[in-house]
Amino acid sequence: MLGVSTFHPPSLKTSSHSTISRLNPSFPFPSSISPSLNRSTTTKPLVIRAIDAAQLFDYESKAALQFRNSQKLKIAIIGFGNFGQFLATSFVRQGHTVLAHSRSDYSAVAQNLGVKFFRNADDLCEEHPEVILLCTSIISTQNVLLSLPFKRLKRNTLFVDVLSVKEFPKNLFLEVLPTDFDILCSHPMFGPESGSHSWSGLPFVYEKVRIGNEENRVLRCEKFLDIFGREGCRMVEMSCADHDRYAAGSQFITHTVGRVLDMLMLESTPINTKGYESLLNLVENTCGDSFDLYYGLFMYNKNSLEMLERLDLAFEDLRKQLIARLHDVVRNQLFEDVAKVQTLQDNNHFAVAKYAQNGNGSAIVLSSNNQRSADAILHGYYKSNGQSDDSTKLKIAIIGFGNFGQFLAKTMVRHGHKVLAYSRTDYSHVAQELGVSYFNNADDLCEQHPEVILLCTSILSTEKVLKSLPLKRLKRSTLFVDVLSVKEFPRNLFLQHLPSDFDVLCTHPMFGPESGKNGWKGLPFLFDRVRILGEESRISRCDRFLDIFSKEGCRMVEMSCAEHDWHAAGSQFVTHTTGRFLEKLKLEATPIDTKGYETLLSLVENTAGDSFDLYYGLFLYNLNAMEQLQRFDLAFETLKKQLFDRLHVIYRKQVFQNEENVCDFPERSMFPEISEDSSVVSSFSNAVDAK
């Protein structure tokens, strides 16, 4: 809109063409109009004085202001704890009027947030909020709802809940609230921790249980939902029944696993894997919530008990698998020892018979050890020339060319090292594609005199493979390296079976083809220089091998094998155990996945991709694994006891109305106390015996 100076229009005699001529001098006048009239005009031209489009109270700005105000709600939050304050912050930022009431006095906090706090529910209801938002705990919801003075509210008030279960509040609202009130059941599937930075992409589940047909009621409901839509939430409309069915399989499991792991008192270690770090984050997120919240998920979701039983059965099934495999190993060892004794007896009889035949007391018995010695005489040891190798490239022989061996070979070839490979299975075509020289015979490979022998076999087959190698065909200075997930076992195996001239480096790349597919940067690589003889060439060779991983950006961690296994039992074994028993539940993605549940799905995917032999090896060959398995079992039993104890208290109160007349007997402990002198193992054994 333009503001112009005040002017007086000219007389009718001159107004027609004089104005036109000033605006456009070239305008063609009709011949009937006298030019003299044009010359006699004295009217002043239009002059722009001001632009007044930005004035506060013009029509457009008034309309815009009225529209913005029409989108705002008066929301009363009942229960102004952490979650109520968390939601209020966004409500106020979007310009809504927020009132609050709570049993505790949060008036100071409310003032800082721009919220009007009421200590009395009657006073709050007399303000006629359009929306009543219940942010109470599950357990206290019914009592709080019944305490509200409904008569002081407008009859068309919208009631909303944000509980983690949905059928319970839906039925409660329908039973308690007058039929005039609207009902919206919602579940923001995030909280102050997971939604601290943004709500973008986080699921917000809702069901319009009862919304009146009037346009203003429908619009009010949409305006409330739009608060979360504007923040970028993934809006999911779903029935309360479907929500609870999905939640029992996702949210309840997530909280259960988080609480069990919390009881294990897990701590960050120097060798954290990505999977273990995800479990630590899960513990931090779930255990920040009160036990009342977790108990509410169990108590008020009819699907939770079934899920708890499935968890119990899955863990028990996993434990049986481990014990059964352990039993097979022990049994095979017993029968193998019997066979060895029988063979030894037969050999003794044979030797005695030969001695008797010769008569001179010399027994002609050539054992397998003698045969290997004979081979050594034929082929001899290859001595090191003692010269330092100035080249940075190594000749590395990978024994066991499965997925992990191929995974490492790609990087080693890319670094320019000469890589050889041998495996029971024929991987010659794969090796050729990777630029690796493949050998079907271990003798042929060893005669190539690799500087490094890298064992990439499974834990269970390592001893057998090591004993099968023709060590006499290698140079005496050869460096032996393993990459097993346990460390004391291969260390002791190398020291026991390798000649003392061989160098020994125990390593554990704490990643694999899945977790390291996008690069090794920042991933932990643990190593222990078990035996590196003092020659400069040997030290340089060890450093050059380690440099392969260092150049890829690995976090290099030098640590003793014993310390590794202690940390690994509390991190890697627990991670794999969690992933394995969750795999048995056949978990699937749902429309309402939380970040915690997505963490569990990712964990299952990563751990289940490994063979059971790998997991069993973590259990069998780590001295600390059995203790962790027992602690896991005790933690799960303790959590179940907590849940059932709370359930029993509620039932007892229903049966015995007068609680004071019931004698409180001392509680019997489900498990014996662990004294400072007794170990977790003995405590677990006593608990099992007691059962």
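A salt bridge is a side-chain nitrogen of Lys or Arg within 4 Å of a carboxyl oxygen of Asp or Glu. In this predicted model, a search of the whole structure finds 32 salt bridges. The tour visits some of them, then a cavity and a surface patch.

**Stop 1.** Select E222 and K208, whose side chains form a salt bridge with N to O at 2.7 Å. E222 lies in helix α9 (residues 215-230) and K208 in strand β9 (residues 203-210), 14 residues apart. E222 is partly exposed, at 35% relative accessible area, and K208 is partly exposed too, at 32%.

**Stop 2.** Go to D482 and K487, a salt bridge whose closest N and O atoms are 2.9 Å apart. Are these two residues buried or exposed? D482 counts as buried because its relative accessibility is 1%, under the 20% cut-off. K487 is buried as well, at 0%.

**Stop 3.** Select D503 and R541, which form a salt bridge with the closest N and O atoms 3.0 Å apart. The pair links strand β16 (residues 503-509) to helix α21 (residues 536-551) across 38 residues. Both D503 and R541 are buried.

**Stop 4.** Show T256, V257, V260, L311, F315, F581, F632 and F636, the lining of the largest cavity. Its volume is about 60 Å³. Helix α11 (251-263) gives the most to this lining, with 3 residues. The lining has 7 nonpolar residues, 1 polar and no charged.

**Stop 5.** Finish with L305, F644 and L647, which make a nonpolar surface patch of about 220 Å². F644 sits in helix α26 and is partly exposed, at 35%.

How values were computed
Residues are numbered from 1 along each chain as its sequence is written. This is a predicted model: local features need pLDDT of at least 70, side-chain atom pairs count only at pLDDT 80 or more; totals for chains, interfaces and linings use all residues. Side-chain values use heavy atoms; hydrogens and water are left out. On a 1 Å grid over the protein atoms alone, a cavity is a set of points where a 1.4 Å probe fits but cannot get out, and a pocket is an open set with protein on both sides within 12 Å along at least five of seven lines; lining residues have an atom within 4 Å of a point. Grid points are joined across faces, edges and corners, and a volume is the space filled by probe spheres set on the points. Helices (H or I, at least four residues) and strands (E, at least two) are DSSP runs, numbered from the N terminus. Ala, Val, Leu, Ile, Met, Phe, Trp, Tyr, Cys and Pro count as nonpolar, Asp, Glu, Lys and Arg as charged, and the others, Gly among them, as polar. Patches are made of residues with over 30% relative accessible area and no salt bridge: like charges are joined within 9 Å, nonpolar side chains (Val, Leu, Ile, Met, Phe, Trp, Tyr) within 5 Å. Accessible areas come from the Shrake-Rupley method with a 1.4 Å probe; for residues, only the protein chains shown count as cover. Buried means under 20% relative accessible area, exposed over 50%, partly exposed in between (1.4 Å probe, protein chains only).
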